[in-house]
Number of protein chains: 2
Amino acid sequence: MTIVHDLTQQLQRKNDSKIVLLVADGLGGLPLTPGGKTELETANTPHLDALAGRGSLGGSIPVLPGITPGSGPGHLGLFGYDPLEYRIGRGVLEALGIDFELGPDDVAIRGNFCTLDAQGNISDRRAGRIASDIGAKLCEKLDQITIPGVEVFVRPVKEYRCVIVFRAAGLAGDVHDTDPQNTGGPPLAPQARNEQSRGTAEICVEFLRQARGVLKNDAPANFLTLRGIDKLPAIPRFEDVYGTRAAAIAVYPMYRGLARLVSMSVLDAGQTLSDQMDRLEKVWNDYDFFFIHFKYTDSTGEDGNFDAKVKRIEELDAVIPRITSLKPDVIAVTGDHSTPCKMKSHSWHPVPVLIAAENCRYDNVTTFGETQCRLGGLGQFEAKYLMLQLLAYAGRLDKYGA
Amino acid sequence: MTIVHDLTQQLQRKNDSKIVLLVADGLGGLPLTPGGKTELETANTPHLDALAGRGSLGGSIPVLPGITPGSGPGHLGLFGYDPLEYRIGRGVLEALGIDFELGPDDVAIRGNFCTLDAQGNISDRRAGRIASDIGAKLCEKLDQITIPGVEVFVRPVKEYRCVIVFRAAGLAGDVHDTDPQNTGGPPLAPQARNEQSRGTAEICVEFLRQARGVLKNDAPANFLTLRGIDKLPAIPRFEDVYGTRAAAIAVYPMYRGLARLVSMSVLDAGQTLSDQMDRLEKVWNDYDFFFIHFKYTDSTGEDGNFDAKVKRIEELDAVIPRITSLKPDVIAVTGDHSTPCKMKSHSWHPVPVLIAAENCRYDNVTTFGETQCRLGGLGQFEAKYLMLQLLAYAGRLDKYGA
């Protein structure tokens with residue numbers, strides 16, 4: 001139990017307030033040239049600016065200064081779970097992302113179909129990015145694999161990606177990846193990181209032995225590598241630690257999975273921002289806390305497409321009135337990390353944060369951007385402390401100590 | 001031992017420097033309208049502004065972002081004691097607040113007079129808020145209760161509130177409140193949280209049994225409930241951890257008690273700021289560190305009286321020359337928390353901090369206010385790190401590591 005949850009469990013107070021946490025994935029950016037503007041600063045965002053005008057800005061450090069997070073730690077931090085305490089394997093994340101209901105006996109693995117050449121060396125780590133329907137058919141075949149004493153599940157994710165789950169009492173999850181991270185050599189043999197995980201490593205060996213036979217005629221997807229082998233971490237329920245009924249309105253499976261990991265209610269979010277807003281309006285009376293996830297600020301950042309990211313930010317800005325017209329008591333807009341187009345990757349830079357609520361200490365900042373956030377009233381803080389502030393602004397935390 | 005004290009014990013260096021920590025309780029505020037000024041920004045504070053001009057400003061986070069502290073945790077933080085590590089029960093705080101000299105064998109309890117109806121159910125948890133003189137008389141009667149092997153003290157606080165202290169070797173303090181927090185049912189029976197506290201729970205039972213008889217004709221105050229049952233926490237001495245002889249010049253009992261808790265010398269402070277300044281001047285050569293507490297910035301904030309808080313800040317400003325004329329090496333002005341008039345309560349907002357000393361990194365900020373503090377050279381930091389900075393500016397900390 002982190003100190004944050006120790007405090008929120010002790011101090012939580014129920015009321016009728018509504019909190020909206022709008023996460024624009026990879027929101028933070030960089031200017032392309034010295035003195036230039038970031039993506040967010042370039043975007044025309046009248047509605048976000050209006051929120052900035054009546055709110056407080058700041059910078060969120062996803063994990064620690066200089067640490068670039070993946071989506072898992074990035075979101076855990078925003079949800080108030082210390083990303084250095086709660087660690088999520090890639091396999092678990094992928095399983096959550098396809099709505100697979102992981103249990104405590106399950107070891108989850110991210111599988112990547114790959115291409116082996118005649119010598120058994122990897123010639124393509126992504127099997128030519130096979131289409132999703134082909135991947136799905138291969139998964140159906142692999143799902144037939146039987147290993148005595150173990151339930152085996154193989155489920156497609158997208159293109160060359162799949163999830164493998166081994167279910168058996170007492171399995172540990174500490175096994176090294178078999179993906180060598182480069183081509184020209186063979187996949188690595190499954191190797192346990194510790195004594196307790198030997199059994200799991202042996203199951204991996206047997207699974208791969210059978211998979212090699214099953215897939216032998218399916219080039220370019222004639223084999224697969226195993227990554228992020230892990231079990232579900234024990235994570236306290238969001239409602240228990242914060243006293244709010246939380247709903248996740250996210251389109252992409254991974255973010256739905258992350259919300260499910262902390263036991264939010266994961267709602268049907270449709271495919272578009274507009275669908276998400278429809279859902280938000282429909283369930284407004286049923287929950288206290290709404291996590292809304294917008295993916296495309298990250299994917300355009302990863303693509304290095306500055307103009308596209310600017311447009312996506314403007315697209316997000318355009319739906320803000322649909323949120324504010326519901327009159328949330330607290331609305332926070334931020335990202336799980338920065339994804340500067342200039343870097344075409346996640347980064348460690350502080351993420352812009354905006355909180356608009358009654359009792360904000362106005363900071364005379366009236367536009368939402370990285371430069372403005374540096375001067376904002378929230379200052380710079382670790383993402384894991386965002387939830388404390390959202391609850392405070394919502395009047396949902398009692399005083400600490402007499 | 002916190003990391004702070006681990007460092008200060010290791011690095012402390014003696015010299016002739018003088019440090020003044022002026023705490024304006026609840027100093028931080030909020031503007032009443034967007035774009036408006038806070039109480040501190042509204043006040044005309046030429047002397048504080050002059051200090052700001054030659055000092056550095058910043059924002060102090062009392063506990064963690066979003067956490068609103070009571071006076072206990074607020075002051076412990078300022079004194080460099082992690083308020084999440086050292087917890088003070090309500091009973092202890094009340095006892096300190098009436099200058100009751102708690103010892104290590106004492107269990108302190110906050111008592112609330114209440115009204116029981118004919119069925120023995122609580123009909124008023126505050127006994128109609130009886131006048132203080134009536135409460136005092138009832139305490140005198142209860143103070144006559146004798147329990148074999150235990151010294152019993154009952155002292156009035158104010159109106160329906162009193163302090164009960166049980167003194168006996170080996171008592172533990174983990175007993176649940178007997179106040180059910182609502183009316184219509186009977187008080188709860190004293191219940192130990194652990195095996196070691198069984199004896200204390202039994203003493204509570206016997207005390208309440210006798211109290212029921214003593215008070216039976218004193219309706220509306222015909223019984224009392226017990227809250228915040230606790231012992232003094234073991235807190236290292238201020239002088240030991242910092243190497244400074246510290247004096248507290250505080251008018252209000254609770255703050256005198258908090259200073260006593262960390263073993264400061266608690267001096268006669270009179271009744272007014274002017275009395276406090278007189279005392280400061282008299283003892284200037286006898287101590288290295290001076291904690292001066294000013295209550296009225298908090299009480300006017302709690303009252304929601306913006307103009308009164310502004311005036312109280314100006315009153316504080318007016319005595320600054322009496323402090324600066326003593327030529328302290330370091331003078332710090334801050335609060336234990338914010339008490340915005342807008343909220344009529346303590347809040348979680350960062351508290352303005354001003355440190356004026358030789359070797360400040362001037363931040364080109366020449367007025368003392370929340371907006372200016374956001375841009376100040378000290379940045380935003382947890383209150384528990386203030387002492388490290390005061391010692392540093394006073395030249396009282398050696399280099400860490402070679």
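Start by selecting residues 273–283 and 306–324 of chain B: these are helix 10 and helix 12, whose axes come within 10 Å and cross at roughly 15°. Helices here are DSSP runs of H or I, at least four residues long, numbered from the N terminus. The axes are lines fitted to C-alpha atoms over the stretch in contact, with angles running from 0 to 180 degrees between N-to-C directions. Helix 10 and helix 12 of chain B are therefore roughly parallel to each other (that label goes to angles under 35 degrees).

Before moving on, a word on what you're looking at. This is a predicted model, where local features need pLDDT of at least 70, side-chain atom pairs count only at pLDDT 80 or more, and totals for chains, interfaces and linings use all residues. Residues are numbered from 1 along each chain as its sequence is written, while chains are lettered from A and ligands numbered from 1 in the order in which they are written.

Now show the side chains of B:L273, B:M277 and B:L280 in helix 10; they meet B:E315, B:L316, B:V319, B:R322 and B:I323 in helix 12. Contact means C-beta atoms, placed from the backbone, within 7 Å.

Next, jump to chain A and colour domain 1 (3–87 + 235–393) and domain 2 (92–231). These bounds come from an automatic or database domain assignment. How far apart are the centres of the two domains of chain A? Over C-alpha atoms, 33 Å separate them. The contact takes eight residues from domain 1 of chain A and five from domain 2. Select helix 9 (residues 253–261) of chain A: it gives the most to domain 1's side, with seven residues.

Notes
Helix = DSSP H or I, 4+ residues; strand = E, 2+ residues; numbered from the N terminus. Parallel < 35°, antiparallel > 145°, perpendicular 65-115°, else oblique. Contact = placed C-beta atoms within 7 Å.
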